[in-house]
Amino acid sequence: MQGIWTTERIRAAERKLLAVTPDGALMRKAAFGLSVHAAKMLGTTSGRRVVLLVGSGDNGGDALWAGFFLRKRNVAVTAVLLNPDKAHPQGLKALKRSGGRAVSVADSPQWIAKADLVIDGIVGISARGPLRPDAASLLEHIKAPVLAVDLPSGVDPDTGAVDGPAITADRTVTFGARKPVHALAPTHCGEVFLVDLGLDLEDPDLVRLEADDVAACWPIPGPADDKYTLGVTGVAAGSAVYPGAAVLAAGAAVYATSGMVRYAGPAADLVRSRWPEIIATGSVTDAGRVQSWVVGPGIGTGHEGREVLANVLGAGVPVCADADATTLIAQHVDVLDARDPDTPLVLTPHDREFARLMGSEPGKDRVAAARACARRYDAVVLLKGHCTVVAAPDGRAMVNTPRGSWLATPGSGDVLSGLIGAVLAAGVDPWLAAGAAAYVHSLAGELAAAGAPTSSSGILGAISAALRTLHWRKS
């Protein structure tokens, strides 16, 4: 798993390291790594033009020292000083000594417009809020690719929130450890690279699953397996109005593992005709034994939907409650009385469903919001959004950074719930199961889209390709 730490903890670790490191050595190490990435973005360096956007903090110092190293590669470097009196003195002196120039904000447009690369060193991890007007005025002149120092300026380092003008980088080079912004604001950070400074950091505040993690936990059949050993997934979804929800959720469970899938609901004939391998019945009471339930997509929020949810929650197996099930829980919280407190529950709300569950939408700090919801309902909460946050009642949290926005299509959540249910049936820890399913869902969306908008049926059909990609890595 890829560890992510809050800025407070990173600053504390930096202070300890700085106390035993020669003055300026850590900054020069970071800046050298930054200059290497800048050179890679330039391709060839001799005669190329780089503009540094330099604020008054250490990120501005990193940018100035990177400019010094780029001058050694015959790059023409111009530093735009947003606050000349507070620019890092040693870095500025080194840049000028190497032949770089420094200009004011007023004189900068002509230099920025001609740049082959812009390095954003305006603010660091201590800053909050959007860019100030003088810095924001520079954005309209940027035509070249942007390399951000540690994080794109104007984006909140701990929440990824953007409240006004901010840098959109093509690449971000961060130092010491990854921060929440790198996982929660991918469209502003671009591709993120880490320069290791040797920080002493313990358990991360947030994690992000990598392909190997998902491959390791995903249920793949072995020589001793049969249709029962990888788990039997029950799917209670769909209605006369929304039969497609049943087809999508049940189909995702079929594609997810080699285990059995049982469907219970009014769309039994349609599900059976689409998926002949599914055992389909009209009621959850007739479905037979399962190792997990997926409940909610398209069941409605009336009396019948509530009865279905209560029956599923009382079955004594892990439950993924999605869509209408989350609304029913919000409206009739006593329905949770049917649940054994020791039985895992995964809730999968989007922002509006979250607001029903918690009384308000998640707000800017989506990780904190998901954790609060997980504690209130004693459940794993998968908070949907461009970046998916998964929180457990014990405080564990992970984020799945998307591969584009291809999942923003009707029925996509039904596919995700089927994936979660199937992995739960195989006995995977609910928090890990939800995170792994979100990863596969995102990968399937990317493969289905192949650069163009896709549908939930397309995402469903790409699940096998996504799992095949992971299995190659595992083997």
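Trainee: Where is Gln-2 found in this model?

Mentor: Gln-2 is found in strand β1, residues 2-4. Keep in mind that this is a predicted model.

Trainee: Why is Gln-2 called buried?

Mentor: Its relative accessible area is 13%, and buried means under 20%, so Gln-2 counts as buried.

Trainee: What makes the link between Gln-2 and Arg-208 a polar contact?

Mentor: The two side chains are joined at 2.4 Å, and the cut-off for such a pair of N or O atoms is within 3.5 Å. Leaving aside neighbours within four places in sequence, Gln-2 is in contact with Arg-178, Leu-206, Val-207, Arg-208 and Glu-210.

Trainee: On to the rings. How many aromatic pairs does the structure hold?

Mentor: There are five aromatic pairs. One of them is Trp-65 with Phe-68, 5.4 Å centre to centre and with 85° between the planes.

Trainee: Where do Trp-65 and Phe-68 lie?

Mentor: Both are in helix α3, residues 58-71, three residues apart, about one turn of the helix. Trp-65 and Phe-68 are both buried. Ring pairs also link Phe-32, Trp-65, Phe-68 and Phe-69 into a cluster.

Trainee: Why is the pair of Tyr-255 and Trp-275 called edge-to-face?

Mentor: Check two values. The ring centres are 5.4 Å apart, where pairing asks for centres within 6.5 Å. The planes stand at 85°, and over 60 degrees counts as edge-to-face, so that name applies to Tyr-255 and Trp-275. This pair links distant parts of the chain, 20 residues apart: Tyr-255 is in helix α10 (residues 243-256), and Trp-275 is in the loop between α11 (268-274) and β12 (279-281).

Trainee: Are those two residues buried, exposed or partly exposed, and what makes them so?

Mentor: Tyr-255 has a relative accessible area of 29%. Buried needs under 20% and exposed needs over 50%, so Tyr-255 is partly exposed. Trp-275 has 4% relative accessibility, so Trp-275 counts as buried.

Trainee: What lies over the face of Trp-275?

Mentor: That's Arg-274, at 4.0 Å from the ring centre. The distance limit there is within 6 Å. Arg-403 lies over the face of Tyr-439 too, at 4.4 Å from the ring centre.

Trainee: Why is α16 described as largely enclosed by the rest of the structure?

Mentor: Because 13 of its 14 residues are buried. Helix α16 (residues 412-425) reaches 21 Å from its first C-alpha to its last, close to the 20 Å expected. Gly-427 follows α16 and has a positive phi, near 90°.

Trainee: How do you know that strand β11 is largely enclosed?

Mentor: Five of the five residues in β11 (residues 260-264) are buried, so the strand is largely enclosed by the rest of the structure. Both faces are covered, with Met-260, Arg-262 and Ala-264 on one side and Val-261 and Tyr-263 on the other.

Trainee: What makes β10 and β11 a strand pair?

Mentor: They share four bridges, in the parallel sense, and pairing requires at least two. Gly-234 stands opposite Arg-262 in β11.

Technical notes
Residues numbered from 1 in each chain as written. Predicted model: local features only at pLDDT ≥ 70, side-chain atom pairs only at ≥ 80, totals over all residues. Heavy atoms only, no water. Helix = DSSP H or I, 4+ residues; strand = E, 2+ residues; numbered from the N terminus. Buried < 20%, exposed > 50% of the residue type's maximum accessible area, 1.4 Å probe, protein only. Polar contact = N/O pair within 3.5 Å; in protein donor to acceptor, adjacent residues only side chain to side chain. Contact = heavy atoms within 4.5 Å. Phe/Tyr/Trp six-rings, centres within 6.5 Å; stacked < 30°, edge-to-face > 60°. Lys NZ or Arg CZ within 6 Å of the ring centre and 35° of its normal. Expected span 1.5 Å × (residues − 1).
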